[in-house]
Amino acid sequence: MRVGMETHPFAAAPADSPTLESLSVEPLLTSEFDVDPGSVYERLRRTYGPVAPVGLMGVPAWLVLDYREVLEVLRNESVWRRDVRHWRARAEGRLPQDWPLLAGYEVRQTMFFDDEEHRAARQTYHSAMRPFQDGHSPEGWELRAAVARYADELVGMLAAESGRVGFADLAAQYTRPLLLMVTTKLFGCPVELSDEIVMDLWRMLDGGPDAGPATGRVLGAMTRLAAHRRSRPGEDLTSYMLLADPTLSDEQLGRELFMNAVYLNDITGNMVCNTLLEVLRGNASVRRSLSAGQVGETVNRAALANPPTANLCFRFAARDVRLGNFWIRAGDIVSPSVASAHRDLLAIQSSHLVDSAISTRAHLAWGAGPHQCPSAARELAGTIMTTAVGRIFEHFAKAELTLPPDQLPWRSGPVVRGLRLLPVRYELSAGVVVPGPPEGAEKTDGVVAVPEAERQRSGLLGALRRMMFGGRKA
Ligand code: HEM
C-alpha cells in the first residue's frame, strides 16, 4: 500500500489521464502507410505529439515518434523491458486469439531478454562472431571472399539469362539469393537455404494469416541445423555459438539462428536494396568505381532515409511513466519508430544547422542502448553491404531504374519496411566475361562462353544448372 506520492520514488499515472484502451485509435497499417508512411507519422505527431496511440491489427499500442523520446525508450532498459511476459494485455488474456504478430514475440531469444540473461547472451554473440568480424582471421577472410564470389556468380547468372544489356530485378535476382548464400555459409548449413525461408520470415514479421505455422517451419529448420552442427562442428557461427556457450540446447540455439536469419535475409537485404536505390536515383549512368568510403556514406544516407527496421520491436513499460503527452501504464506496449525519429534528423539536416556528415551518422538504424546491433554484427553487415553494392557497380557500366522512384512498391509491415522490387535496365561493363549457358541449353545472343574448366572452377556451373533447370537441392 502506498503512503503518499512523496515517499514513492516514481509517480503513478493520475487517475484521470487516459489509458491506452480508452483512446480511439486509428489503424497504422493502411494503404496510405504502404505508399507514404512519412505523412502518416506527421499526421500522428500533429494530432498527439511525440507519442501516439495506434492500432496494430486490432490491438492498441503506443507509437513513439520523436527522436528524443525514441532514444529515451531505447536507452532506459530499467523502464522499457523486452520480455513479452511484461505485457499486461497478453498476461490478462485480452489479445485476440491467434493475433498474428504474437508468433514472433513468443520466440524467446536475445532480443527479448532483459538484464543478466541478456548480458550473458550478448557475450556469447561477442565471442562467436569475433572470428568473422574482420578480414584478418581465416574465417573472416573466407567469408569476405565468399560474398564477393557469390555476388559475381549472381551477376553472371543474370547476364547468362538476360544478356549483356537487359532488365533485372536486383531484389529477387541478386540481393535475396546473395543473402541466402551468405546465410548458408555463415550458419554452416549443409543444404542451401531457399527463398521459401524468406517468405516464411515475412509471414512472421508482417503478421500474415499463417504467421504461426511459418514461424514453426523456420524454427524447426534452425533447430535441426543446431543439432547437426553440434554433432559435426565446423568453422561457422552455429558451431562457434556452441563453443561460446556449451549449455545452449538445440532449441535455444535454433531460436538465436532464427533471429539472425531475419537480420541477414530481411534487414541486411533491405539495406543493400535501399543503398542501391540511393545510388540509382542519384545517377542514371553509374560510375564503375564507387570507393569503399563512398559506399559507406551512401549506406548511412540510405539508412537515414529508409531504415529497414522502421519501427523497432515492442518494449513494455515496467511502471507508470510519462512519455510525450501521455501517461504510459505499467505493462503497456510501446514501439519506437526509428523511421519517424529520422524525420527529425532530416529536418535538422535540411535546415543547415548541422554539418550533414554529423547528422547522417546519428541515425538509429542500428538501434541504440543495450539492445543495439552488436558491433561484430554491424561489421559483418557492413562488409556484406559494401561488397554487394560495390560488385554491382563494378560489373555494370550503366544501370537505371525502370520505374520512377516514387512508384516503387514497398512492403510496409509493423516492423520492417523494404522494397518488393528493384527493377533496373543494366549494361554490363566491357571487361566482364559472361559464362555461357550449360551444355545442351540454347545459347543466348551476345553471351561469351568461358571454357568449361573455368566455369567449374568458379562454381558457376552448378548454380547455373540449378537456375536453368530448377534443380534446387532439397
Ligand atoms: C544492415 C544490417 C542490419 C541492421 C540495419 C541491423 C539493425 C539492428 C537493430 C535496429 C537492432 C536492435 C533492435 C531493437 O532494439 O529492437 C539489432 C539487433 C541485433 N542485430 Fe542487427 N542489424 C543488421 C545486421 C545484423 C546482422 C548481419 C546480424 C547477425 C548476423 C545482426 C544481429 C543482431 C543481433 C544478435 C541483435 C540483438 C541484440 C540484442 O538484442 O541485444 N544484425 N540490429
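The buried residues of helix α9 (residues 195-205) are I197, V198, D200, L201, W202, M204 and L205. Buried means under 20% relative accessible area, with a 1.4 Å probe and protein chains only. This is a predicted model: local features need pLDDT of at least 70, side-chain atom pairs count only at pLDDT 80 or more, and totals for chains, interfaces and linings use all residues. Residues are numbered from 1 along each chain as its sequence is written, and side-chain values use heavy atoms, without hydrogens or water.

**Around helix α9**
- Helices here are DSSP runs of H or I with at least four residues; strands are E runs of at least two, and both are numbered from the N terminus.
- The cover over the buried residues of α9 includes α5 (102-105), α8 (171-187), α10, α12 (250-282) and β11 (410-412).
- G207 follows α9 and has a positive phi, near 65 degrees.

**Residue T223**
- T223 lies in helix α10 (residues 211-231).
- T223 counts as buried because its relative accessibility is 19%.
- Leaving aside neighbours within four places in sequence, T223 is in contact (heavy atoms within 4.5 Å) with D250, E251 and G254.

**The sheet**
- Six strands make an open sheet, in the order β1-β2-β3-β9-β6-β4, with mixed pairing.
- Its edge strands, β1 (26-27) and β4 (80-81), each pair on one side only.
- Two strands pair if DSSP finds at least two bridges between them.
- β2 (residues 51-56) and β3 (residues 59-64) are antiparallel and share six bridges.
- V51 stands opposite V64 in β3.

Key:
Buried means under 20% relative accessible area, exposed over 50%, partly exposed in between (1.4 Å probe, protein chains only).
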